[in-house]
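Please look at the structure before reading on.

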Amino acid sequence: MRKPMIAGNWKLHKTLEESSSLVAELIPAVADNQNVDIVVAPVYTALGKVAETINGSNIKLAAQNCYPEPQGAFTGEVSPPLLKDVGCQYVIIGHSERRQLFGESDEQVNSKAHALAEANLGIILCIGETLEERETDQMFDVLRRQIRLGLKKLSAEQMAGVVIAYEPVWAIGTGKTASDEQAQEAHAFIRALVTELYDEQTGNATRILYGGSVKPGNVDSLMSQPDVDGALVGGASLKSEDFARIVNFQPIA
Ligand code: PEP
């Protein structure tokens, strides 16, 4: 009942030409796949070009961040209505790089979530613990805090537009993937928490993606876990062949 989503976060990579070539290669490789929501998140400057290239395909566009105000004197920022205007259907918020490198707080993430819901854009909310937090038994507290504060005052109706990405910080860009069991344990916890904060229907309907060194070689077993509904992919989304293989994952029976 939950349609899987595979989203590629390109981070600060690729020129206009490279971005458009990457999706041009991806389009035929995933064209037959109607079972997965396929999303790419290029840098801001490539959004327009990628939107043109994917037009008419089954690939959707996302931005990697946004500012929570629709317009105004906010030099250098980009707002949800403008991201919608360029063709985005989703926006990633709360990525650990933004939390760690740019000091983004749960409160700021929550303002962005409200601004995106207001603009009718899909939200990919990233959460995840650091290695130290895991090793000192704070993982569940951290996930609980990030979800409670990140989704604060979002209605059950607005939750229909929210996808949660569980990305343990120690697995991002490190080559270390959470084991299938570690991913399933965190995802089951997150689903139970969404159910507790909202209701059973919302808990069952909310898609929870895993992120952290997802590759062609580990996607099949991760996607075979009952509460893993997709993946947020960094490094491996920069190569069309690898990303296409991840999109066309084969669950293990
Ligand atoms: C990410 O940046 O969201 C991510 C999961 O990166 P990687 O796949 O490279 O670990």
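The questions below concern a pair of helices, a nonpolar core and one glutamate.

Author: This is a predicted model, in which local features need pLDDT of at least 70 and side-chain atom pairs count only at pLDDT 80 or more, while totals for chains, interfaces and linings use all residues. Residues are numbered from 1 along each chain as its sequence is written, and side-chain values use heavy atoms, with hydrogens and water left out.

Reader: Which residues of the largest nonpolar core touch the most other members?

Author: A nonpolar core is a set of buried Ala, Val, Leu, Ile, Met, Phe, Trp, Tyr and Cys residues joined through side-chain atoms within 4.5 Å, where buried means under 20% relative accessible area, exposed over 50%, and partly exposed in between, with a 1.4 Å probe and protein chains only. In the largest core, which has 65 residues, those touching the most other members are I6, V40, I93, L151, I190 and Y210.

Reader: Is E167 buried or exposed?

Author: E167 sits in the loop between β6 (162-166) and α9, helices (H or I, at least four residues) and strands (E, at least two) being DSSP runs numbered from the N terminus. Leaving aside neighbours within four places in sequence, E167 is in contact (heavy atoms within 4.5 Å) with H95, C126, I127, G128, I172, G211, G212 and L232. With a relative accessible area of 5%, E167 is therefore buried.

Reader: How far apart in space are E167 and H95, C-alpha to C-alpha?

Author: In sequence, E167 and H95 are 72 residues apart. Their C-alpha to C-alpha distance in space is 8.4 Å.
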